[in-house]
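Please keep the sequence and the 3D view open while reading.

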Amino acid sequence: VIDGPVAAAVIGAGSGRTTAPFGRRLLTVTGVDELGAYRVLRVADPDGPMPDPGQFAMLATAEGWGGGEDERPYLPRAFSVARWLADRRSRRSPIGGEAHYLMEDVGPGTRRLCELRAGEELWALGPLGQGFTASRDGRRALLVGGGVGIAPLAIWQDALECEGTLASTVLLGFRDGSRAKGAALLRGAHIATDDGTAGHHGFVTDLLAEELERDAHATVYACGPPRMLEAVRAMCATRGVPAQLALEAGMACGFGACYGCVVPRRGGGYLRVCVDGPVIDAAELASIEEHAGGAGGTR
Amino acid sequence: MTVEFCGLQLAHPIINGSGTFDAIAARRAFGAAVDVEFPFAAYVSKTITVEPRLGNPPPRLWESPAGLVNSIGLPNKGLAGYLTEDLPELARLPVPLITNVMGSTAVEIAQLVEACDERAEISAIELNVSCPNVKTGLDIGADPRQLEEVVRALRPRTGKPLIVKLTPNAADVAACALAAEAGGADAVSLINTLRALALTPVSRGGPSVLSSPRSWLGGGTGGLSGAAIRAVALAQVAAVTERVTIPAIGMGGVRSVTHARDLLDVGARLVAVATESFRDPTVGARIARELDSRPSPPLSYGPA
């Protein structure tokens, strides 16, 4: 019983993160929507807690996980929750809903997940990690996304709009027009494409620079590929604009066990994207490297 | 199905492999359920070194056919940080604590073992000997003579059970196990990861083809774990239990109760689940449950 298109994401009271049930659970795909080059996987999660915006889940198909190209995939793959529609019957309790995940076929794991059809099953572990935190200092929200990384910004936009008082501006960048169709996941997005086939011909950071030029009293919430995030981080650092960055990294577990998903911390050492993030205050990060956590090894 | 292991009474024979389950991080992710439904009969810490280590630069992981190549580099807070920050947290776990340590010199190893010996919260010490000797460059654990010397020197320094985690990257693993036993070890555990390499993908024919192959992992080579190594693990555990009388902890690619039974059948006293916990953090509990349930009796088709 899904409560229509109204998302139920809310901004946490700052009392820490939502914890996941201990152990993966078998879930059923309720539908798959094509969104240009992307797919939105809709999954019934009757026992799952409502995720904090920015949290993620580790996903693997129940059948045919393994045996693909090079006998992969083997490990589950990390996906931000893109949207959460609460079950009507549990409106009062934050348990149970339909989770949406944005997919792009970039390797054996994502390929297998993209093949899922309604009625098929997948394993999910989550929600995991640290999500976005709403700025309480009256700054406007600037949501900046790139490619498949727009996913956590959708549930964040839902949450900010539930809050009511926070207006958000959405800037999204894509490689091409087919991928730019993913912008439909959010409301009122300004678009940039690398090849100019939709929106501004150029990078989303061009749009961000214009916005900050116009009014820098903002908090930036961004998610996208490492090069984009590094440009956002540097731009915000130069202008003294606070930014929260949702990072992607290849990870084996998602709950702090494997230590595989680290990114360099400002001042030395590393942060684990899975438990210290995936949303990390830009001020805590050193420059974001091309292979950040090495997602290429575990796509 | 309680098990006796080096004087410890364990609720069942399933534990974790060192460095594959971070109980403190798991509490952040899953809350109190981690302690209530703790999946292992004993908890093995990640490797602790004398000085803090940041670990290797990323990338640290590469998924291989039915396995995982990792080059994590033993990040840890160092001995002092472990004892003051982590140990009180780990002591709250509902199971005995085994602390895994690694030193690159005899002095370092002795310091680690003595520090663990002093702490009542620690039930046993596991020695990671997959560490190069700074003089010879060979893994301490790969050379039986050197291994026996190291263990013999440590033996008087602790009354706690001393487990030697053998390296599979040795010419004769059973000889290394015998050496550990001769030096005074109370148990051996195996197998650690197999040395492995992953190359940075190149777009064939594209402009970015590299002139020479380059390691994908920031640390250079890595270690292979997961389902891919199970048959190797089974062979090495069988070879070791045939030769030594001290108990062995068997591990390597265990994903199901059948795999655990295989290792127990070839003589392991305990079985550790490692990479599979990355895929499902409660798999240890499921395997323990299934081990405990007796196989169903054959169907009877007539009056008894």
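## Paired strands in chain B

Two strands pair if DSSP finds at least two bridges between them. The model shown here is predicted. In chain B, strand β6 (residues 67-70) and strand β12 (residues 222-225) meet this definition, being antiparallel and joined by three bridges.

How many residues lie between the strands in the hairpin of β5(B) and β6(B)? There are two, and Ala66(B) in this hairpin has a positive phi near 50°.

Most residues other than glycine have a negative phi, and most peptide bonds are trans. The residues below depart from one or the other of these patterns.

Cys6(B) is not a glycine, yet its phi is positive, near 50°. Cys6(B) sits in the loop that links β1 (3-5) with β2 (8-10) of chain B. Leu74(B) likewise has a positive phi near 50° without being a glycine. Leu74(B) belongs to the loop between β6 and α3 (78-91) of chain B. Is Leu74(B) buried or partly exposed? Buried would require under 20% relative accessible area; Leu74(B) has 25%, so it is partly exposed.

Two peptide bonds are cis. One joins Leu190(B) to Ile191(B), with omega about 10°; Ile191(B) is in the loop between β10 (187-190) and β11 (194-196) of chain B. The other joins Arg72(A) to Pro73(A), with omega about 0°. Pro73(A) is found in the loop between β3 (56-61) and β4 (77-80) of chain A.

## Chain A as a whole

Chain A contains five helices and 16 strands. Of its 299 residues, 61% are buried. Which residues account for 67% of the contacts in chain A with a separation of 6 or more? These contacts are between residues 24 or more positions apart.

The size of an interface is often given as the accessible area lost when the parts come together. For chain A and chain B, the buried area is about 3,500 Å², with 64% of it on carbon and sulfur atoms. Three residues, Phe22(A), Tyr74(A) and Phe255(A), provide 27% of the area that chain A buries against chain B, more than any other three residues. In the contact, chain A takes part with 41 residues and chain B with 44 residues.

Between the two chains there are five salt bridges. One of them links the side chains of Arg272(A) and Asp22(B), at 3.3 Å from N to O. Polar contacts between chain A and chain B come to 12 residue pairs, counting pairs with both residues at pLDDT 80 or more. On the side of chain A that touches chain B, the elements giving two or more residues are β7 (121-128) and β15 (270-272) of chain A. Sorted by class, this side of chain A has 21 nonpolar, 12 polar and eight charged residues.

Definitions and conventions: Residues are numbered from 1 along each chain as its sequence is written. Chains are lettered from A and ligands numbered from 1 in the order in which they are written. This is a predicted model: local features need pLDDT of at least 70, side-chain atom pairs count only at pLDDT 80 or more; totals for chains, interfaces and linings use all residues. Side-chain values use heavy atoms; hydrogens and water are left out. Helices (H or I, at least four residues) and strands (E, at least two) are DSSP runs, numbered from the N terminus. Contact means heavy atoms within 4.5 Å. Buried area is the accessible area (1.4 Å probe) that two parts lose on being put together, summed over both. A salt bridge is a side-chain nitrogen of Lys or Arg within 4 Å of a carboxyl oxygen of Asp or Glu. A polar contact is a pair of N or O atoms within 3.5 Å; within protein, one must be able to donate a hydrogen and the other to accept it, and residues adjacent in sequence count only if both atoms are side-chain atoms. Ala, Val, Leu, Ile, Met, Phe, Trp, Tyr, Cys and Pro count as nonpolar, Asp, Glu, Lys and Arg as charged, and the others, Gly among them, as polar. Buried means under 20% relative accessible area, exposed over 50%, partly exposed in between (1.4 Å probe, protein chains only).
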